[in-house]
Number of protein chains: 2
Amino acid sequence: MSPEDPEPNLPEGSFMRILILGGDGYLGWPTAMRFSARGHEVHVVDNELRRYAHEQAGTDSLTPIRRLPERVAAWRELTGKEIGVTWGDLTDWDVVEAVFDSFGPNAVVHYGEMPSAPYSMKDREHAVFTQSNNVIGTLHVLYAIRDLAPDAHLVKLGTMGEYGTPNIDIEEGFIEVRHNGRADYLPFPKLHNLHFACRVWGLRATDLHQGVVYGIRTEETALDDRLLTRFDYDDVFGTALNRFCLQAVIGHPLTVYGAGGQTRGYLNIEDTLRCVELAVAYPPQAGEYRVFNQFTQQFSVVQLAELVQKAGAEIGMDVAVHPIDNPRVEAEQHYYNAAHTKLLDLGLRPHLLDETLIGSMFSTIERFKDRVIVDHILPKDRWRPIRPR
Amino acid sequence: MSPEDPEPNLPEGSFMRILILGGDGYLGWPTAMRFSARGHEVHVVDNELRRYAHEQAGTDSLTPIRRLPERVAAWRELTGKEIGVTWGDLTDWDVVEAVFDSFGPNAVVHYGEMPSAPYSMKDREHAVFTQSNNVIGTLHVLYAIRDLAPDAHLVKLGTMGEYGTPNIDIEEGFIEVRHNGRADYLPFPKLHNLHFACRVWGLRATDLHQGVVYGIRTEETALDDRLLTRFDYDDVFGTALNRFCLQAVIGHPLTVYGAGGQTRGYLNIEDTLRCVELAVAYPPQAGEYRVFNQFTQQFSVVQLAELVQKAGAEIGMDVAVHPIDNPRVEAEQHYYNAAHTKLLDLGLRPHLLDETLIGSMFSTIERFKDRVIVDHILPKDRWRPIRPR
């Protein structure tokens, strides 16, 4: 337990076998190290899909990241701890079955879906690939838990994007609906495979509807450059705050899409790890499906740009903001207010976004700024194509 | 226009090119004949998935149905009208692209998903197959419309099962939610690919959330035995009322699952055809996604069993009702009240269920009762497996 993180952890001695799906990723790799640091037995599965997608697009992580075997070797060298690795695809049942059979997890942290909307919106092939990859992979995971590890707790990372931007407050996965004099507590946005598997098969699952994650540094990645996690800033995998910080450092104007009123939940990468840890530490009952909204603060895109501008000004950077034509089809001004009390109730103490944190992101980006591929910062694909008529 | 069906049809002379996906099926084939009879140009696509699934399971339609080329030849011989046929799989983009390119539909009636919950609940392979088949096939259809027939109206047949059995009235696709002093009109049960494609790409789509269809006879299938449609009564594809009628005819007790309070919307096969016709005749605007709940009456399983019993008694049949252990995981007593005014507003005049209609189903079943495969009427698969511990 570090001095900066005096929150309660898993009860002393309750060590678990934790499987991390997508454990080579931006969050998967730091999560793997975190649980390993806490003394749990950790095994990761990944097929390097993100690395492959970058290769295809000619883009790359800002941070130079090692391949998984090297990461694990560096972790072993520095800490004496072992992280198991399976290179494999969750859509291949043989891979999933073999891992569950041999590892026998108590908890499964599932980052193994393709998360990027711009990726799936590129064209038909990308959309079909993304949806079949995500649906089949997650279905395999549900069957594997049902048949090979029925008491394991599934912690699935999803996106708050599923809620859309309704004109009402967003609750955590369910909403009390009163209608024509009757009431029910209904899944919102939807009933899906995870919920159904809990109800019908008696599995236990936590669905973490995540906001946009920012930041580069976790306690573990800071130990050694070989443990760095990726930092995407490109048009497909990059997200708002990370991209703005990078643009500020390389002296580009911050590119706000359209009016910039798009408001979303955000959280620090350290808080993501903590949320996942809390979800694992406090599992639901068998048959229970629960949803936590995983974010700590809401910002509009314009607010983020202003924060980055201000943090830049403090260290003498002159940061410009430049609105560009929005490549997405989305509301640029809308109501947004989402609940996020359940993780706070479990003990999350947020690291809030401020100029200091942005300043420390600037420093890390500065170290690697000669790796920036400038051609791939601005969006290339439009969600609504111009009709060829 | 037949004397029993004096409702308004498509305006005189407004003939359309109508593509029927899944046009070899229980509803697809009668729909193809109906539009052809009305003078439209009809093309069907099917990969005989239902026939294959029956073959694998050792089950079959009660009615002896011809293969699609023979059906189409018989239709041509009897009416002088041509129905085009493509044997192909919607998950194969080349098939979809070629059909849209060459046929250039004005309307696409999409029955081409695997509908059976018991089928997808059989095991992992069936679940993965069903979900990837349905997701990918429908995604291909959306892209084909976007890129090859952007003004075509998509009429997609889905299931009211998506709503579940909430304790509130079920509305048609959207619900007004008031929450914490604010209100929005939200998609319920969910925002999905169809809705998204209308919003983002400006497509036009009608999502028909269908109740359970019963009946064998349509105006066109009655013309000749070579035009018969299938009648499934087995444990996987059979549905409640059709199976009860068959059990009555062969002198088996009607098998009610559990308490039998499961209430759903039902409609006659003739009304299904009429609903689809109305949806096609009155298309939505570009960019509009609309949902119609397609059923005419609500019944509990016990009510259906009693109706069949009563209809049997009228012709001297002694029909027993026998509750069996429910193989599904579902509420057996629940509130159920679903809206279904939109199709009535367009002019639907329902054929309501009565003893006469059941009596005429009895007669058709009687003609083919030596084809019944008795071993495959009762359920074989349980949704919640017994844990091997």
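A:Glu97 counts as partly exposed because its relative accessibility is 30%; buried means under 20% relative accessible area, exposed over 50%, and partly exposed in between, with a 1.4 Å probe and protein chains only. This is a predicted model, where local features need pLDDT of at least 70, side-chain atom pairs count only at pLDDT 80 or more, and totals for chains, interfaces and linings use all residues. Residues are numbered from 1 along each chain as its sequence is written, chains are lettered from A and ligands numbered from 1 in the order in which they are written, and side-chain values use heavy atoms, with hydrogens and water left out.

To find A:Glu97, go to helix α4 of chain A, residues 93–103. Helices here are DSSP runs of H or I with at least four residues, strands are runs of E with at least two, and both are numbered from the N terminus.

Now stay in chain A and look at helix α2, residues 49–57, where A:Ala53 sits. A:Ala53 counts as buried because its relative accessible area is 6%. Setting aside neighbours within four places in sequence, A:Ala53 is in contact with A:Tyr119 and A:Phe237, contact being heavy atoms within 4.5 Å. As for A:Pro283, it lies 230 residues from A:Ala53 in sequence and 34 Å away in space, C-alpha to C-alpha.

Next, hop over to chain B and its helix α7, residues 193–201. The buried residues in this helix are B:Leu194, B:His195, B:Ala197, B:Cys198, B:Val200 and B:Trp201. What covers them? In chain B, the cover includes α6 (124–148), along with β5 (153–159), β6 (174–179), β7 (182–187), β8 (204–210) and β12 (289–294).

Back in chain A, A:Asn180 is not a glycine, yet its phi is positive at about 50°. You'll find A:Asn180 in the loop between β6 (174–179) and β7 (182–187) of chain A. A:Asn180 counts as exposed because its relative accessibility is 54%.

In chain B, take a look at B:Glu48, another residue other than glycine with a positive phi, this one near 60°. B:Glu48 belongs to the loop between β2 (41–46) and α2 (49–57) of chain B. Is B:Glu48 buried or exposed? B:Glu48 is buried, as its relative accessible area is 13%.
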